[in-house]
Amino acid sequence: MPQQRRTDRRAIVAASIEVLDERGLDGLSLHAVAARLGVRQPALYHHFRDKQEVLAAVAAEVLDRWHTERLPEPGEGWRDFLDRNAHSLRRAMLAVRDGARLLATAGPRGPALDHAIAQVTFLEGHGFSGTDAVLAFIAVSRYTIGATLEQQASRDGSAILWPPDPSPEAAHLAQIAEAVATLGPDHEFTTGLTALLNGLHPS
């Protein structure tokens with residue numbers, strides 16, 4: 001058994017992230033976390049009620065550590081802020097194994113209150129209604145989580161695959177798919193995000 005480590009909420013969350021990176025979300029169990037800390041599993045229940053509460057704390061920690069660009073900057077345009085915020089969220093999810101699944105299943109349903117106030121107020125200042133501001137953030141965050149989830153779950157990288165077909169049309173399509181795969185997931189994500197942002201506009 002590993003040497004016993006300090007056991008408090010912060011240590012449990014840190015150990016959970018280590019186990020997550022090694023085993024993935026499906027392999028993240030309280031038994032494995034306790035073993036990593038060198039304690040028995042019941043010791044974890046002094047700090048967390050159940051696994052779901054641990055996962056929620058891990059998701060919050062991932063956001064705190066790596067989603068570092070959540071607030072607008074003075075003089076920034078609304079498109080630039082939404083773009084920067086989305087890339088920051090994606091980096092946070094990619095920082096850990098199965099990060100998108102973790103946030104989709106256990107992450108907070110919305111930003112912290114102070115962040116939400118700042119974000120909505122910022123978009124309102126650029127001509128969005130309050131409702132449209134919230135809907136814009138929902139659209140961007142759901143696209144970002146969904147795109148990252150698909151990337152992390154992909155068995156074949158970013159390649160688009162079809163059954164073999166000898167037709168010239170199929171060969172042409174295969175060349176296009178190879179070109180798209182060569183551009184990589186970062187380019188693919190940015191292209192989709194740009195299209196989404198271009199479809200948003202103040203009221």
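This is a predicted model: local features need pLDDT of at least 70, side-chain atom pairs count only at pLDDT 80 or more; totals for chains, interfaces and linings use all residues.

Modeller: Residues are numbered from 1 along each chain as its sequence is written, and side-chain values use heavy atoms, with hydrogens and water left out.

Biologist: At what angle do α4 and α8 pack?

Modeller: Helices are DSSP runs of H or I with at least four residues, numbered from the N terminus. Here α4 spans residues 78-94 and α8 residues 168-198, with axes 11 Å apart. Axes are lines fitted to C-alpha atoms over the stretch in contact, and angles run from 0 to 180 degrees between N-to-C directions. The packing angle is about 145°.

Biologist: How many residues of the contact of α4 with α8 are charged?

Modeller: Contact means heavy atoms within 4.5 Å. Among the residues involved are R79, D83 and R90 of α4 and D186 of α8. With Asp, Glu, Lys and Arg classed as charged, the number is 4.

Biologist: Is N85 buried or exposed?

Modeller: N85 lies in helix α4. Leaving aside neighbours within four places in sequence, N85 contacts H67, E69, R70 and Q119. Buried means under 20% relative accessible area and exposed over 50%, with a 1.4 Å probe and protein chains only. Because its relative accessibility is 9%, N85 counts as buried.

Technical notes. Helices (H or I, at least four residues) and strands (E, at least two) are DSSP runs, numbered from the N terminus.
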